[in-house]
Amino acid sequence: MSVQSSEDLSGRYAVEGLYNFHISAGVSEATEILHDDARVKIHHLLQRILNAGWQPLVDRAQPRLKGRYRLEHTLATSNINGLDPAYLPTLEEW
């Protein structure tokens, strides 16, 4: 797992502090778990991040969809905003 962030010290976003984050995670072969367990654990992690105050950004040109509607829109359009982090997908969707 890794976390990267960006800070613009002298440009347009200098007063914003850290403004760009990239979070990645993976599962190693040594820690194999069932798909349903992974689904629930990832959802729990996202809920903790949301509860800590993180708010996902949705581009102004994109619809403000939530839950399954956002999943369906993302799958149909390759929406750059991705999925709704508050939505727990079904095992089939996962």
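Strand β2 (18–24) and the helices α1 (35–51) and α2 each supply at least two residues of the lining of the largest pocket. Helices (H or I, at least four residues) and strands (E, at least two) are DSSP runs, numbered from the N terminus. The model is a predicted one: local features need pLDDT of at least 70, side-chain atom pairs count only at pLDDT 80 or more, and totals for chains, interfaces and linings use all residues. Residues are numbered from 1 along each chain as its sequence is written, and side-chain values use heavy atoms, with hydrogens and water left out.

The largest pocket holds about 1,200 Å³ of space. Its lining has 33 residues, of which I23, L46, W54, L83 and P85 are the closest to the centre. A pocket is an open set of points on a 1 Å grid over the protein atoms alone, where a 1.4 Å probe fits, with protein on both sides within 12 Å along at least five of seven lines; lining residues have an atom within 4 Å of a point. Grid points are joined across faces, edges and corners, and the volume is the space filled by probe spheres set on the points. The lining divides into 20 nonpolar, eight polar and five charged residues. Nonpolar covers Ala, Val, Leu, Ile, Met, Phe, Trp, Tyr, Cys and Pro; charged covers Asp, Glu, Lys and Arg; the others, Gly among them, count as polar.

The protein chain has two helices and two strands. Their order from the N terminus is β-β-α-α. The radius of gyration is 16 Å, well over the 12 Å that the globule rule gives for 94 residues, so the chain is more spread out than a compact globule. This radius is taken over C-alpha atoms, and the rule is 2.2 Å times the number of residues to the power 0.38. The C-alpha atoms fill a box of roughly 45 × 35 × 25 Å along the principal axes. Buried residues make up 18% of the 94. Buried means under 20% relative accessible area, exposed over 50%, and partly exposed in between (1.4 Å probe, protein chains only).

In helix α2 (residues 67–77), the buried residues are G67, R70, L71 and T74. They cover an arc of only 105 degrees around the axis, which puts them on the same side of α2. The arc is that of the directions from the helix axis to the C-beta atoms. The face turned away from this buried side carries the exposed residues Y69 and A76. S78 follows α2 and has a positive phi, near 55 degrees.

L45 lies in helix α1. L45 is partly exposed, at 34% relative accessible area.
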